[in-house]
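This text walks through one part of a predicted model. Please keep the sequence and the coordinates at hand.

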Amino acid sequence: MDLDIDANYKREIPNYLEKSSFATFAVARVNLREIRNESINSSKKYGNSIDYEWINIKDQLVAELILKAFGDNDKKKILDVALGKSRTPVEILDICKIPPTSGYRKIKSLIQDGLLIPNGTCLARSKKQVRQFISALENIKIDIDKGKLVVKVRFTKI
């Protein structure tokens with residue numbers, strides 16, 4: 001009887017951790033979108049070019065979200081291919097040579113994280129409108145200052 005309780009307890013811990021980290025990263029995703037929107041709005045307000053503005057990411061969860069995306073080789077390839085030119089998911093996967101099953105999952109994750117953003121549509125062979133995406137980040141700098149991770153980003157100008 002004790003073994004059954006122990007086994008159930010051990011299953012609950014990973015589920016709890018998975019749910020709590022999901023909720024934590026959901027907040028980080030929202031924060032990244034807010035940072036990007038604030039940056040774009042302030043550059044329009046003051047007439048600055050967002051192209052040359054470095055934004056210091058103070059939220060450590062957002063910084064971790066960005067670093068995890070660039071730490072995954074396939075996600076990094078996707079972001080590199082979508083840098084500077086809008087592309088459809090099919091184009092991205094073809095160029096990156098990533099299998100569709102895992103590729104679409106990773107593209108969806110990058111969209112949810114706010115690192116891939118919609119930028120127009122195009123007509124596919126099937127005569128349907130297909131959404132195109134572009135990398136939200138143009139450039140990234142990573143530093144360590146007094147043991148603290150410092151991430152600075154430059155958002156893509158659309």
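D59 caps the N-terminal end of helix 2, with a side-chain oxygen 3.0 Å from the backbone nitrogen of L61. Such a polar contact is a pair of N or O atoms within 3.5 Å; within protein, one must be able to donate a hydrogen and the other to accept it, and residues adjacent in sequence count only if both atoms are side-chain atoms. The model is predicted: local features need pLDDT of at least 70 and side-chain atom pairs pLDDT 80 or more, while totals for chains, interfaces and linings use all residues. Residues are numbered from 1 along each chain as its sequence is written, and side-chain values use heavy atoms, without hydrogens and water.

Helix 2 takes in residues 60-71; helices (H or I, at least four residues) and strands (E, at least two) are DSSP runs, numbered from the N terminus. V62, A63, L65, I66 and A69 of helix 2 are buried (under 20% relative accessible area, 1.4 Å probe, protein chains only). These residues lie on the same side of helix 2 because they cover an arc of only 160 degrees around the axis, taken from the directions from the helix axis to the C-beta atoms.

Three strands form an open antiparallel sheet in the order 1-5-4, where pairing requires at least two DSSP bridges between two strands. Its edges are strand 1 (55-57) and strand 4 (137-145), each pairing on one side only. Strand 4 and strand 5 (residues 148-155) pair over eight bridges. Helix 2 packs on this sheet and touches strand 1, strand 4 and strand 5 (heavy atoms within 4.5 Å).

Terms used
The expected span of a helix is 1.5 Å times one less than its number of residues. Buried means under 20% relative accessible area, exposed over 50%, partly exposed in between (1.4 Å probe, protein chains only). Axes are lines fitted to C-alpha atoms, for helices over the stretch in contact, and angles run from 0 to 180 degrees between N-to-C directions.
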